[in-house]
Amino acid sequence: MLQINDINVYYGNIQALKGVSLEINEGEIVTLIGANGAGKSTLLKTISGLAKPKKGDIIFEGDSISGKVAQTIVKKGISHVPEGRRVFSNMSVEENLELGAYLRKDKQGIREDFSKVYDLFPRLHERRKQLSGTLSGGEQQMLAMGRALMARPRLLLLDEPSMGLAPLLVKTIFRIIEEINNTGTTILLVEQNANMALSIASRAYVIETGKIVLSGTPDELNQSDQIKNAYLGGH
Amino acid sequence: MEWIQQLVNGISLGSIYALIALGYTMVYGIVKLINFAHGDVFMVGSFVGFYSISIFHLGFFPALLISMAVCAIFGVLIERIAYKPLRNATRIAALITAIGVSLLIEYTTIYARGAQPEAYPDKLLPFKNVEFFGVKISSQSLFILAISILLMILLQFIVHKTKIGKAMRAVSHDMDAARLMGINVDNTISATFAIGSALAGAAGVIFGMYYTKIEPLMGIIPGLKAFVAAVLGGIGIIPGAMVGGLVLGVIESLVSASGYSLWRDGAAFVVLILILIFRPSGIFGKNVREKV
Ligand SMILES: Nc1ncnc2c1ncn2[C@@H]1O[C@H](COP(=O)(O)OP(=O)(O)OP(=O)(O)O)[C@@H](O)[C@H]1O
Ligand SMILES: [Mg+2]
């Protein structure tokens, strides 16, 4: 479904990604784990068009999308839930969701997706008129995810959805990620919470200072001593 | 009674400031630029209205609409040509460019038609005094107020209910997040310039009707005062610009009415200094803390 071939991405003189290649098949949950500053967010931004690769190619469902503007990429079916939620805090929950469907014209379909999102996140329905800046961190995460779903993506990019959430809420969010995946949405999940991420993933990649250093199934990664020590709290 | 008349004058004048201030505040809200050429767009709007009426013999409303349309296009051109290439430059570079654009518009206008003033046709609207509880109020003041209020309601409708308005709010809050929704940021910024400039154009025609004299440098002082109004209300906040404009207009009229009419223009700048000292975020501004 998505193929990333050997991309280099720079911020000015700093090279954030160094020849990264990665593949995602339809229906999978692929997780990308790595330490702070490894380049996880940069990779997601490059897929969604917020950053441009200097070298390499990104193919989504047969078409090259590398270097395309974000608008084109959303239209093609990739939605990105950015790190730190980035909800429009000056707008209501409902308006945030509406903006998620910005490029869509099918009124009927949008209405259906509103109810789907509200079914998935009943909290958002209760607070639909509330300014999103007044939501709790967990609710904002739900809103950011709901907003991305309003575009009806086929591939959903999630950047650290569990960041700053209480353990119970982390569980809920992960359950919902699986639920979204079960309805046919492919997922690329960036996480620092490697244990949780590996528990729901089909495959995983490990990134270190801009390079993919390891990939495999969760079982394979769980057996790697290197990974255990660095990311899984060495149990 | 004199006071009440002055108050009404102040509100009319203030509504003109408010219309101009809206453009300042909308543009600042979205690209964080004080568009110092905005007062000159107001001047151009005033002249477009003037020529529509005097050469093409149009009535007030057609002239108003043409002026708004021409200014909308003019504002977008300014943005695309002068500001867009500087979007990632330092703010001071953009600010200096804005001052350059302002001078360019002023002196191109003088070059094209000379510096002499023009008398705005004043027979466009029925003029009579309306009596309210013994206070005489000119129908013109009321008319200006009505049009300004109508335009502000229209603006609120656009910003809050339409798709482009929601895109404008999204872009002004977080450009990258807006991009992720599929919003075309460049077009949204252009739309903001278009709407802000159209309001300045309307203000130009209304100003011409009210003060009857227009000239190529007429945009400077009302432009600066509208800027003060925008800061007073809280720069970047749309209702703030409306209230800031009205408050400033009323303050000026009251200063005149108290017999200090020579101090009138100074009042705006005293207000600016006071806000910057005591409440830099303006009447409606708050230090918003965001959850991360
Ligand atoms: N806007 C930017 N300008 C300059 N450098 C940047 C920018 N954004 C990221 N970087 C640098 O690029 C590298 C990768 O950053 P990135 O945000 O992709 O890391 P990350 O893996 O998402 O980290 P975290 O887990 O802390 O979110 C870091 O060294 C960072 O300092
Ligand atoms: Mg990150």
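## Starting with buried area

Buried area is the accessible area that two parts lose on being put together, summed over both. With that in hand, welcome to this predicted model, in which chain A meets chain B and also holds ligand 1.

## How chain A meets chain B

Between chain A and chain B, about 2,100 Å² is buried, and carbon and sulfur atoms give 58% of that area. On the side of chain A, the residues that lose the most area to chain B are Leu50(A), Phe88(A) and Tyr102(A), which together make up 27% of what that side buries. Counted by residues, the contact draws 28 from chain A and 20 from chain B.

What polar links cross this interface? The rule finds six residue pairs in polar contact there, and it also finds three salt bridges between the two chains. Side chains of opposite charge can pair when their charged atoms come close. In this model, Glu95(A) and Arg169(B) meet through their side chains in a salt bridge, with 2.7 Å from N to O.

Which helices of chain A take part? At least two residues each come from α2 (70-76), α3 (93-100) and α6 (137-149) on the side of chain A that touches chain B. Of that side, α3(A) supplies the largest share, with four residues. Sorted by class, the residues of chain A that touch chain B are eleven nonpolar, eleven polar and six charged.

## The surroundings of ligand 1

Now to the ligand: 13 residues surround ligand 1, and the closest are Lys40(A), Ser41(A), Thr42(A), Glu83(A) and Gln192(A). Helix α1 of chain A, residues 40-48, gives the most to this shell, contributing three residues. By class, the shell has six polar, four nonpolar and three charged residues.

Which atoms reach the oxygens of ligand 1? A polar side-chain atom of Lys40(A) lies 2.7 Å from an oxygen atom of the ligand, and in the side chain of Gln192(A) an N or O atom is 2.8 Å from a ligand oxygen. From the backbone, a polar atom of Ala38(A) is 3.2 Å from an oxygen atom of ligand 1. On its own, ligand 1 has 630 Å² of accessible area, and the protein covers 64% of it.

## Salt bridges across the structure

Looking over all chains, you will find 25 salt bridges in the structure. One to visit within chain A pairs the side chains of Arg203(A) and Glu28(A), at 2.7 Å from N to O. This pair links distant parts of the chain, as its two residues are 175 residues apart. Arg203(A) belongs to strand β9 (residues 203-208), whereas Glu28(A) sits in the loop between β2 (14-24) and β3 (29-33).

Terms used
Residues numbered from 1 in each chain as written. Chains lettered and ligands numbered in written order. Predicted model: local features only at pLDDT ≥ 70, side-chain atom pairs only at ≥ 80, totals over all residues. Heavy atoms only, no water. Near = heavy atom within 4 Å. Polar contact = N/O pair within 3.5 Å; in protein donor to acceptor, adjacent residues only side chain to side chain. Areas by Shrake-Rupley, 256 points an atom, 1.4 Å probe, with all protein chains shown as cover. Nonpolar A, V, L, I, M, F, W, Y, C, P; charged D, E, K, R; others polar. Contact = heavy atoms within 4.5 Å. Buried area = accessible area lost by both parts, 1.4 Å probe. Salt bridge = Lys/Arg side-chain N within 4 Å of Asp/Glu carboxyl O.
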